[in-house]
Amino acid sequence: MYDVIVVGARCAGSPTAMLLARKGHLVLLVDRANFPSDTLSTHFIRPSGVAQLKRWGLLERVIASGCPPISRFKLDWGQHSLVGTPPPRDGVAESYAPRRTVLDKLLVDAAVASGAELREGFATHDLLWKCDRVTGIRGQTRHGSRCDSQSSLSRPANQAGAERSSFTHHKRETGWLRARRAAAAAPSSC
Ligand SMILES: Cc1cc2nc3c(=O)[nH]c(=O)nc-3n(C[C@H](O)[C@H](O)[C@H](O)COP(=O)(O)OP(=O)(O)OC[C@H]3O[C@@H](n4cnc5c(N)ncnc54)[C@H](O)[C@@H]3O)c2cc1C
């Protein structure tokens, strides 16, 4: 039994799991990917995002990966261009562009180092329910083993809205996000 289950272990999921684990919660973090893992994205992190990494104690690891700071920008429209340095956010003026294979692995590792349990290569297929509350997830490893995991902090379906209340339904949309929202949420009393 976990306090919280987070489905999806990249930029959103891993820091969520990390911060909850740092608060002392028992966290399960699952992803169908195995890390390091690439995904469709460019890599630019603005100063506000860099400031978050710094606050979490992770910026040094991005820098140690060999990723250079970016402080000067040029927007080029052919005949005209704008050159400059954006104002600092939370004391951070630099941007970085680490590869997702680097950034996501670093975030996953930080979540695990903070105490979250990581289950890689695990696809969440369904949500477990008690009354109108999500109490866990049902999924499958790459090798076909099925597994149910329960969480004690769950979200009532009616809080999430009808369109979010069914994993089967939200598979049509961004299933991972809705599953994450449903599985990691407010305390319940069914
Ligand atoms: C072409 C492109 C360029 C971009 N460039 C930038 C950029 O330069 N800078 C920037 O800040 N943002 C950029 N973005 C946006 C950025 O990629 C996303 O905002 C970011 O990846 C979202 O992170 P996330 O953790 O929320 O989700 P994702 O990165 O999408 O991760 C979701 C994870 O959940 C897992 N998952 C999903 N469903 C399940 C399931 N059922 N069971 C188990 N695991 C599951 C997936 O395997 C995946 O690992 C770009 C996006 C695209 C498409």
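**Notebook: sheet, helix pair and loops**

I began with the sheet: three strands, 3 in number, form an open sheet in the order β6-β7-β8, and their pairing is antiparallel. Its edge strands are β6 (122-130) and β8 (146-150), each of which pairs on one side only. From one strand to the next, the twist averages 25 degrees.

I noted the basis of these entries. The model is predicted, so local features need pLDDT of at least 70 and side-chain atom pairs count only at pLDDT 80 or more, while totals for chains, interfaces and linings use all residues. Residues are numbered from 1 along each chain as its sequence is written. Helices (H or I, at least four residues) and strands (E, at least two) are DSSP runs, numbered from the N terminus. Two strands pair if DSSP finds at least two bridges between them.

**Entry: β6 and β7**

I looked up the pairing of β6 with strand β7 (residues 133-141), which is antiparallel and runs over 8 bridges. Leu128 stands opposite Gly136 in β7. In the loop between β6 and β7 I found Cys131. The phi of Cys131 is near 50 degrees, a positive value in a residue other than glycine. Cys131 is exposed, with 11 other C-beta atoms within 10 Å. For this term, a residue is buried if 20 or more other C-beta atoms lie within 10 Å of its own, exposed if 12 or fewer, and partly exposed in between, with C-beta atoms placed from the backbone.

**Entry: α1 and α4**

Which helix does α1 pack against, and at what angle? Helix α1 (residues 13-22) packs with helix α4 (residues 100-113) at about 20 degrees, and their axes are 8 Å apart. Axes are lines fitted to C-alpha atoms, for helices over the stretch in contact, and angles run from 0 to 180 degrees between N-to-C directions. The two helices, α1 and α4, are therefore roughly parallel to each other (angles under 35 degrees count as roughly parallel, over 145 as roughly antiparallel, 65 to 115 as roughly perpendicular and the rest as oblique).

I then listed the contact: α1 contributes Ser14, Pro15, Ala17, Met18 and Ala21, and α4 contributes Leu107, Val108, Ala110 and Ala111. Two residues are in contact if their C-beta atoms, placed from the backbone, lie within 7 Å. The residues of this contact of α1 with α4 comprise 8 nonpolar, 1 polar and no charged (Ala, Val, Leu, Ile, Met, Phe, Trp, Tyr, Cys and Pro count as nonpolar, Asp, Glu, Lys and Arg as charged, and the others, Gly among them, as polar).

I also checked burial: 8 of the 10 residues of α1 are buried, so α1 is largely enclosed by the rest of the structure. Among the buried residues of α1 are Gly13, Thr16 and Leu20. After α1 comes Gly24, with a positive phi near 100 degrees.

**Entry: loops**

I located Arg89 in the loop between β4 (81-84) and α4. Arg89 has 14 C-beta neighbours inside 10 Å and therefore counts as partly exposed. Which residues does Arg89 contact, leaving aside its neighbours within four places in sequence? They are Pro47, Ser48 and Ala51. The C-alpha atoms of Arg89 and Ser48 are separated by 5.5 Å, although the two residues are 41 residues apart along the chain.

Asp90 also has its place in the loop between β4 and α4. Its phi is near 50 degrees, a positive value in a residue other than glycine.

Last, I recorded Pro36, in the loop between β2 (27-30) and α2 (47-55). The peptide bond from Phe35 to Pro36 is cis, with omega near 5 degrees.
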